[in-house]
Amino acid sequence: MEFEHPQMFVRHQAFREDLDLEPLGTPSGLIEILSKTIADMQYDDCQGYPMWFEKVERSHGGPGSTRWPLHLQSAHPDFRLHSQLCESPALRQYYSVNGKEPVFISPQDANARGIHNGDIVRVFNDRGQVLAAAVVSDLYTSGVARIHEGAWYDPAKGGEINSLCKYGNPNVLTLDIGSSQLAQATSAHTTLVEIEKYTGQLENVTAFGGPIEMVAQCEYVPAQQVK
């Protein structure tokens, strides 16, 4: 979109020009670092001001990184809206690799694991495991991998804990805890995993086949015979 008279956007410009006549929507009308409302809640994992809290899992020497050395990002996908349109074969042809969701990995981490571009790999931790296809890219630093969120869940055995997802849904790998008692947001970006080349038997992806229609065979009884 083009504008005839483009102007630079300045956040809170009216407030910056006259803070008395254009106050912000805070109790003081000013920019506040401390929120007394949040502080009064006395949450031990969310204070009234910004501060660092150690994560349950964190890569590069953080908790859990000895066992699970790779930090898994699950960012928004480029070719779908969350999980919507993941079933579209026309779109999947642009981003899927060998019929799987791609997992992006650095050359250093790929070489250390004997993984080559296009290999089917198992991405796993003690919460779950998924199959994905490796995309080796120097856009990713060592210790970091990425699987876009929104891939459809396709368990090898439905209803079984830690069942292998045959397509590549990262939700089975992420923590199932809120970011804090206040926010209760997702904690997807603090996930640690390991990746290895998959050597097992590959089963067909069935997530996109739709439900199987069952038609019951019933004997027809004329209405006049029904008492």
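This is a predicted model: local features need pLDDT of at least 70, side-chain atom pairs count only at pLDDT 80 or more; totals for chains, interfaces and linings use all residues.
**Surface, fold and aromatic pairs**

Of the 227 residues in the chain, 37% are buried. On the charge side, there are 17 positive and 28 negative side chains, with the centres of the two sets 8 Å apart.

As for the fold, the chain carries 4 helices and 7 strands, which run α-α-β-α-β-α-β-β-β-β-β from the N terminus. The radius of gyration is 25 Å, whereas a compact globule of 227 residues would come in near 17 Å. Along the principal axes, the C-alpha atoms fill a box of roughly 80 × 70 × 50 Å. Looking at contacts between residues at least 6 apart in sequence, 66% join residues at least 24 apart.

Now to the rings: the chain has 6 aromatic pairs. In one of them, Phe79 and Tyr95 have ring centres 5.8 Å apart and planes at 20°, so the pair counts as stacked. Phe79 sits in the loop between β1 and α3 while Tyr95 belongs to helix α3, so this pair ties together parts 16 residues apart in sequence. Phe79 is partly exposed, at 37% relative accessible area, but Tyr95 is buried, at 11%. Ring pairs also bring in Tyr94, making a cluster of Phe79, Tyr94 and Tyr95.

Phe104 and Tyr140 are stacked too, because their ring centres lie 5.6 Å apart with planes at 20°. Phe104 is in strand β2 and Tyr140 in the loop between β4 and β5, so parts 36 residues apart in sequence are tied together. Phe104 is buried at 17% relative accessibility, and Tyr140 is buried at 15%.

Definitions and conventions: Residues are numbered from 1 along each chain as its sequence is written. Side-chain values use heavy atoms; hydrogens and water are left out. Helices (H or I, at least four residues) and strands (E, at least two) are DSSP runs, numbered from the N terminus. The radius of gyration is taken over C-alpha atoms; the globule rule is 2.2 Å times the number of residues to the power 0.38. Buried means under 20% relative accessible area, exposed over 50%, partly exposed in between (1.4 Å probe, protein chains only). Contact means heavy atoms within 4.5 Å. Lys and Arg count as positive and Asp and Glu as negative; His and the chain ends are not counted. The place of a charge is taken as NZ of Lys, CZ of Arg, CG of Asp or CD of Glu. Rings of Phe, Tyr and Trp (its six-membered ring) pair if their centres lie within 6.5 Å; planes under 30 degrees apart count as stacked, over 60 as edge-to-face and the rest as tilted.
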